[in-house]
There are 8 protein chains.
Amino acid sequence: MTWTIYLSGEIHTDWRQRVEQDATAAGLDVAFTGPVTDHAASDDCGAAILGEPAEPFWRDHLGAGVNAIRTRTLIEQADVVVVRFGEQYRQWNAAFDAGIASALGTPLITLHPTEHDHALKEVDRAALAVAREPEQVVSILRYVTSGKLGS
Amino acid sequence: MTWTIYLSGEIHTDWRQRVEQDATAAGLDVAFTGPVTDHAASDDCGAAILGEPAEPFWRDHLGAGVNAIRTRTLIEQADVVVVRFGEQYRQWNAAFDAGIASALGTPLITLHPTEHDHALKEVDRAALAVAREPEQVVSILRYVTSGKLGS
Amino acid sequence: MTWTIYLSGEIHTDWRQRVEQDATAAGLDVAFTGPVTDHAASDDCGAAILGEPAEPFWRDHLGAGVNAIRTRTLIEQADVVVVRFGEQYRQWNAAFDAGIASALGTPLITLHPTEHDHALKEVDRAALAVAREPEQVVSILRYVTSGKLGS
Amino acid sequence: MTWTIYLSGEIHTDWRQRVEQDATAAGLDVAFTGPVTDHAASDDCGAAILGEPAEPFWRDHLGAGVNAIRTRTLIEQADVVVVRFGEQYRQWNAAFDAGIASALGTPLITLHPTEHDHALKEVDRAALAVAREPEQVVSILRYVTSGKLGS
Amino acid sequence: MTWTIYLSGEIHTDWRQRVEQDATAAGLDVAFTGPVTDHAASDDCGAAILGEPAEPFWRDHLGAGVNAIRTRTLIEQADVVVVRFGEQYRQWNAAFDAGIASALGTPLITLHPTEHDHALKEVDRAALAVAREPEQVVSILRYVTSGKLGS
Amino acid sequence: MTWTIYLSGEIHTDWRQRVEQDATAAGLDVAFTGPVTDHAASDDCGAAILGEPAEPFWRDHLGAGVNAIRTRTLIEQADVVVVRFGEQYRQWNAAFDAGIASALGTPLITLHPTEHDHALKEVDRAALAVAREPEQVVSILRYVTSGKLGS
Amino acid sequence: MTWTIYLSGEIHTDWRQRVEQDATAAGLDVAFTGPVTDHAASDDCGAAILGEPAEPFWRDHLGAGVNAIRTRTLIEQADVVVVRFGEQYRQWNAAFDAGIASALGTPLITLHPTEHDHALKEVDRAALAVAREPEQVVSILRYVTSGKLGS
Amino acid sequence: MTWTIYLSGEIHTDWRQRVEQDATAAGLDVAFTGPVTDHAASDDCGAAILGEPAEPFWRDHLGAGVNAIRTRTLIEQADVVVVRFGEQYRQWNAAFDAGIASALGTPLITLHPTEHDHALKEVDRAALAVAREPEQVVSILRYVTSGKLGS
C-alpha cells in the first residue's frame, strides 16, 4: 500500500522539499500531495481564469474557490495530513485544514517550532504527533508505513 | 492520481466535446464521466428494456430509474462535478445533480451564460467556481490537477 | 411526534397557504418550514446586511449565502421535503433542494402540473410521491402521520 | 425552533456580549454556546483538575483536552457557527473550529475586519457570510430565523 | 429517556397489541411506532390520494411510495426495531425493514416461531435477540430500559 | 471503470449463469460478486470450521455469521445490487440484502416474476428497476455502463 | 442543555455513585446513563428471557445480545463517555466501549490508577482526559458544562 | 479482489505467522496488515523520534500517538479485522480495536481460548465468528474469499 500524505501550510520555506527528499532517500512507499505552492499562481488563479472582479474581496474569493477544488479533494483522499506552521504569517488556512482533517478523522501531524506551542495547543491536541523538524515527519512516516524506527 | 470529472447537464450542444478535447490537448490527467447523452436512448431505455407501460408518466419513470443507476453511481464516484445550464430547456435534472453534489460535499463547478445568473444564484453559491465557457472549465481543471495556470 | 415538513420551491402562488390551512383544518401534527418567501427580502438580504457590492453577480452571491444559512439548516432537519414546481420561472433552486433531500435520504414529495412531467422525470423518480394539487400533499401527510386515509 | 449558535474565536473583546445583547433585544429565538471565555480558567483547567505535569507542552495538552470535550460537543450540536478573528493574536483555534464546521457541513459565518481579508480568504470561502461587525451577525440571525430583514 | 420502538412486520395477528398492552401494564418508558396496519388503507393509499393508474404494478408502486414516507422516517428515528415474521405470507417487507435497521446500526429484535429459524438465519444473525413470543419482547424492553429482569 | 455488480438471492436456478454469460458475450466491463451459492457449503461453513454446536439454532447462527463476513463486505463494495426472488422458498435473506442496499444508497435492481409483484411492492419501490428475466438485467447493465441500448 | 454522560466499565466498586453524588451536590446539568450494573441480572438476562441454551458460550452470547441493545443505544446517544478500568478483572468490555466512542468521535474520559498507564496507553491516547479519581471526572464535567473550575 | 485483513492483538506468540503462512500455502487472495509487532520499537517510537519527555505517562502518550497513525489508518482500510486475545496480558488495545471495527461496521473475527469466553462475551457478541486456533481463521478466510470450505 502506498500511503498518501497531504502536506498543508507554510509555502515560503523548503520544508516540503526536505520532507520529500528525505522520504525518497529512505525509499518510503508514500505519495505526497498538497496545495499549489506557487504563491502568485495561487493568488491569481481565480481572476486569471474566470475574469477580474471589481473588488479585491471577490478576487480573493474567486481564487480561494478554485484552490478549494484542489485542496478539499486531496485532503479528503489523504491517509495522513501534515500541517506546517511557520514563523511568519498567520497561516489561518493551515489551521483550517487541520480542523477539516480532525473532523474527517484523518490522522494529523503538526510541524512547528516550540514558540507556537501555546497558541497552537488546540490544534496540537487534535494531532497524533507534534514534530519540530521535517526530518521527524519523515521518521514518523517511515515507522508508520514500514514498522522500522530507522537509524 | 487521475481525477474523475462528472459532466452534468445540457446535452444539445457540443460543450462536453469542447471540454474533453481541450483537456486531451492539454494532457490533463483526468477522466470524464456523465449521463447518457443520446437523447432518444435516454428517453427510451426504460420502456425498451423493461416493457412499455400504459401511461407516459410511468414510461418516463421507468427510463429515469434506469438512467439513475448510471448517474447516481458516477456522481458519487466523481472528484469534481461540472454542471452546465444551457440557453434552452429547463434542465431541472442539472440543478438536481448539483444539489446531490453539494450534499455529498463534492466540489462543484457551474457553467452557464450570465443571463441565468439571478435564477441560478442558489446553485452558484454552492459551487466553487462559475464558468462561462467550456475552456474555462479546462483551465480550472489544469490548475487544480497540475498547479499550472496555463498560457 | 410532530413531523417537520419543509416546503420548497415556487413562491408566487398560494400553495404554501393551501397546504398549511388544510393541514391545520385536519388537525395534523406537523410543523412547516421553508425558505423566506418575501421575494424582495430574499433578493436583498445579503446586500442590505453586509453591504452593496459593485457587481450584480456578487450581490446575488451575498444574498444566496445568507439564504442558504436558513435553507440548508431547515432542509437537513426536515422529516419530509415537499418541492413545488410552478408554471412559471425556471426554479432551479427547487430542483437543487430536491437533489439535496435525495442525497440526504429524506423522503421527497414533488408537486407540479402534468405538463412538466417529462422535464421533471429525474426529480420525480427520486420522489416517493408526485402530487398535482396542494390538497393531495395534505392527504399524504394525514395518511403518513396518522394512518388515516381521510374522507 | 430555537436555533443554536456557536460563537467561536477571539475572547479579549466584547463581541459576544454585543451579539447576545442585540439578539436578546431583537427577541430572536436563538441560544448561544461557545468555548469557556475565562482565559485563565481555560489555560489552567487541565492542570488544575488533573495535576501539574513537569513540562509546559503537556500542561497545554492537558488543558486543550479538557476544553475540547466542551468545544467539540457544542460545535457538533450547533446549527450555525460564527467565528471571530480579532486584530490581535494568531487565533489558530478559531480557524481550526471553522475547518471543523466546514467539514461537518454546518453553516459558517466569519466576523473580522477587512485587513484580514487576504489572509482569511480560504476560511471566508467556506463561509456563507463574512461580517465586519457583531451587529451584522445579529441581522443575519434575525433574517435567517424569522425571515425579517429588520429596520 | 423515552425509548422509541418500531414494530415492523406481520399485520394480521394481535402481536402489536400484546406488546403494547404488556409494556403499558409494566409501565415502561417506551413509545411504539410502526407502519399503517389497516391493510386496505395501506394498499389503497397511493391510488386513493394520487389517482388510479392503469396498471396494477403502478398501483402498488404508488401505494408503496406513500407508505415509505412513513416507514423510512420512523425506522430511522427508532432506537430499537422489532421485526415480526408470522406463519403466513412471505413478508418480504419485514425482512427488508430488518436489512435497513441492520445497515443503520439500529438494534434489531426478531420475533418468529422456530419453524422459520433456518430460513431466517441471516436476519437473525443481524439481530441482538430472537424472541418467540411478544411477551419476551416486552421483557427485553423492560430490562433494556430499566435494568430490571422482572418477575 | 469496471462496475461491480452483486447478485443476491435465489440459488437454485441458473439465473446467475445467464446474467454472467450474457454479460460476457456482450463484452460488458462488469465484475460479478455474490454469496456462496453452494447450498451445502453455505449451510455447513460455520459448524465445519468452528465446531458443531449442540443446538440447530446455533448451528445456523454460526454459519450465518461466517457467510455475513463475505456478504456484508461484498454488498458494501458493490456499485449495483441485483436481487432475485424465485418462485420457491421465502428468501427473506434476499429481501434483507435489498434493505441493506437501500439504506446504503446503492442502486438496486429486483428480478422476479409478476406473481410476486404485490408481495414485493415495498422492495420494488426502493429499486431503480424491476426486471422479469436475467437478460433484462444484462440489458440494463449494458446501457448503464456503456450508454448503448443494444440490439 | 443537559449533557448526557455514559459511565462505562467496572461495576464492582462505588465509582458511579461517587460521580453521581458529586455531580448532584454540585448542581450540574448532566444526566448519567450506563450499562446494567446488577452483575447477576446482566449475566442472566438473555437466558432468563429467551430460554436456557445447552452451552455456556451461547448463554453468554444471548445475554451479551440483550445487554448490547441497551449499551449501544446509550453510548450512541451520549455526549461524553467515561470509561473506568478498575484494579481487578480484565474489563475488555470497557476497552471495547472506548473503541466505539472513539470511532464515533464522542469525547472520551478514562478513569484508572497509574499502574495501568502503560497497558492502557492506546486507549488513553484516544481520550481527551485521563482521570485517577471519580471526583476529577466531576470537576471536568463541571468545567465543561458550566465553564467554572470549582473550588 | 484482494481482501485486506487486519490482524490485531497479542504480539508475543506466533499466531500472525501461522495465519499468514497458512493463507499463503492455501493461495488465498488476501493481504495482511497490522500494528508494529516489534515490542520495543512500538514502545519507543514516540520518544525516539520526537524526544524524551520528562514523565513516563507522556512517553507512552507520544508512542501511542505515533502508533495510532498506523493502526487507525489500517483498521479503517481493512475488509475484515481479526482480534487475538492471548493468555497473558490485559490486551485492552485489542478490545479497543474491536470496538472501533464494530462501530465502523467492519466484519470482526475474534480468536481466543475458551477460558476467556465469559470475559469477552461483549466483544464476541459483536464478532461474526469466534475462533480458537489461527488455522480456523484461515479456513474462514478461504471460505469467505473463495467460497470453498477446504479439506
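**Chains in contact: a chat**

Guide: Chain A and chain D bury about 3,300 Å² between them, with 64% of it on carbon and sulfur atoms. Buried area is the accessible area (1.4 Å probe) that two parts lose on being put together, summed over both. This is a predicted model, where local features need pLDDT of at least 70, side-chain atom pairs count only at pLDDT 80 or more, and totals for chains, interfaces and linings use all residues. Residues are numbered from 1 along each chain as its sequence is written, chains are lettered from A and ligands numbered from 1 in the order in which they are written, and side-chain values use heavy atoms, leaving out hydrogens and water.

Visitor: Which residues of chain A lose the most area to chain D?

Guide: Arg90(A), Trp92(A) and Phe96(A). Together they give 24% of what that side buries.

Visitor: How many residues are in contact there, chain A with chain D?

Guide: 35 residues of chain A are in contact with 35 residues of chain D. Contact means heavy atoms within 4.5 Å.

Visitor: And how many salt bridges across that interface of chain A and chain D?

Guide: The rule finds two. A salt bridge is a side-chain nitrogen of Lys or Arg within 4 Å of a carboxyl oxygen of Asp or Glu. Asp43(D) forms one with Lys121(A), their closest N and O atoms being 3.4 Å apart.

Visitor: How many salt bridges over all chains?

Guide: The structure holds 64. One of them joins the side chains of Glu10(A) and Arg84(A), at 3.0 Å from N to O. Glu10(A) lies in the loop between strand E1 (3–9) and helix H1 (15–25), and Arg84(A) in strand E3 (residues 80–84), so the pair ties together parts of chain A that are 74 residues apart in sequence. Helices (H or I, at least four residues) and strands (E, at least two) are DSSP runs, numbered from the N terminus.

Visitor: New topic. What about chain F and chain G?

Guide: The area buried between them is about 540 Å², and carbon and sulfur atoms give 69% of that. Six residues of chain F are in contact with six of chain G.

Visitor: How far apart are the nearest C-alpha atoms of chain B and chain G?

Guide: They are 20 Å apart, and the two chains do not touch. No contact joins chain C and chain G either. There the closest C-alpha atoms lie 18 Å apart.
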